[in-house]
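Please open the model in your viewer and keep the sequence panel beside it. The tour moves from one selection to the next and says what is there at each stop.

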Amino acid sequence: MTTQALPTLAVWKFASCDGCQLTLLNCEDELMALAGQVQIAYFPEATRAVVEGPYDVSLVEGSVTTPDEIERIGQVRAMSRTLVTIGACATSGGIQALRNFGDIAEFRSVVYAHPEYLSTLARSTPISAHVSVDFELRGCPIDKHQLLEVLSAYIQRRRPRIPTTSVCVECKRRGTVCVAVAHGTPCLGPVTQAGCGALCPAFARGCYGCFGPQDTPNTSSLADRLLALGMDDDQVMRIYRTFNAASEPFRRESERHEAPQPEEVGS
């Protein structure tokens, strides 16, 4: 009798903080059950053992920020039957995508003593800007229950069941009083995808947008509300430029509130 080989799982890191990979390791008891269903073939964060590809499922953390990474993500895509991006860096460019709104040469000269030794791109881009992606899992960091759902789904050959509604739905489900309505607290919950369990509003804090824009975000309407709550245009711009600054809806809205450059004022 022959036994069927377990599906192979690979975990890859690009420009990131490793937080989403640590979410997988923090699954603890669930990770043991998962290990019985898949073969962890490549995961430098957890083991030195390497099984040659191709791989059934690849999880990719991090954004593309260097020329070498453009070539490398192409290689990862070629050896992966299913490619899932995990976290804000991989799905929207991450916090490092703030470089997209500035002068990368100036940043390098301020931060590094010898910027001439660096090889970097002017923009931080999501994985989907370079290769086809089968599924994007949002979050900064991702939620472990959503990660387990995605992995289970691909093991079972079905589509992951991940909500695309807003954080406001999660607030209502857990009975959390709306911080924006009750206290006038600026909150990105109405335009942010669910997944965190409304963590910040549960502690009377406004949502910071860690999970990126939900499927139909009305960012302009929320921005008008934030202005009415006392924010100025610069503050509204900054609240959209955090973990998912380069995601299209957040990028577009932040640019709408950006102060015009001197040459634009004079024209």
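The model is a predicted one, in which local features need pLDDT of at least 70 and side-chain atom pairs count only at pLDDT 80 or more, while totals for chains, interfaces and linings use all residues. Residues are numbered from 1 along each chain as its sequence is written, and side-chain values use heavy atoms, with hydrogens and water left out.

Begin by selecting Thr8, which sits in strand β1, residues 8-13; helices (H or I, at least four residues) and strands (E, at least two) are DSSP runs, numbered from the N terminus. Thr8 has a relative accessible area of 11% and is therefore buried, where buried means under 20% relative accessible area, exposed over 50%, and partly exposed in between (1.4 Å probe, protein chains only). Leaving aside neighbours within four places in sequence, the residues in contact with Thr8 are Gln39, Ala41, Pro54, Tyr55, Asp56 and Val57, contact meaning heavy atoms within 4.5 Å.

Select Pro54 next, in the loop between β2 (39-42) and β3 (55-61). The peptide bond that joins Gly53 to Pro54 is cis, with omega about 10 degrees.

**Two residues with positive phi**

Move to Asp18, in the loop between β1 and α1 (19-25). Although Asp18 is not a glycine, its phi is positive, at about 80 degrees, and with a relative accessible area of 15% this residue is buried. Then select Arg157, in the loop between α6 and α7, where phi is again positive in a residue other than glycine, near 60 degrees. Is Arg157 buried or exposed? Its relative accessibility is 78%, so Arg157 counts as exposed.

Glu69 is the next selection, in helix α3, residues 67-78. Glu69 is buried, because its relative accessible area is 12%, and, not counting residues up to four places away in sequence, it touches Phe14, Ala15, Ser63 and Val64.

Arg174 belongs to helix α7, residues 167-174, and counts as partly exposed because its relative accessibility is 47%. With neighbours within four places in sequence left aside, Arg174 is in contact with Gly197, Ala198, Leu199 and Ala202. The C-alpha atoms of Arg174 and Leu121, 53 residues apart along the chain, are separated by 43 Å.

Now select helix α10 (residues 219-228) together with helix α11 (residues 233-240), whose axes come within 10 Å and cross at roughly 135 degrees; axes are lines fitted to C-alpha atoms, for helices over the stretch in contact, and angles run from 0 to 180 degrees between N-to-C directions. That angle makes α10 oblique to α11, since angles under 35 degrees count as roughly parallel, over 145 as roughly antiparallel, 65 to 115 as roughly perpendicular and the rest as oblique. To see the contact, show Thr219, Leu222, Ala223, Leu226 and Leu227 in α10, which meet Asp233, Val236, Ile239 and Tyr240 in α11.

Staying with α11, colour its buried residues, which are Val236, Met237, Ile239 and Tyr240. Why do they lie on the same side of α11? They cover an arc of only 165 degrees around the axis, which puts them on the same side of α11, the arc being that of the directions from the helix axis to the C-beta atoms. The cover over these buried residues includes α10 and α12 (248-256).

Finish with α10 and α12, whose axes come within 10 Å and cross at roughly 45 degrees, which means that α10 is oblique to α12. Their contact is made by Thr219, Ser220, Ala223 and Asp224 of α10 and by Pro249, Phe250, Glu253 and Arg256 of α12.
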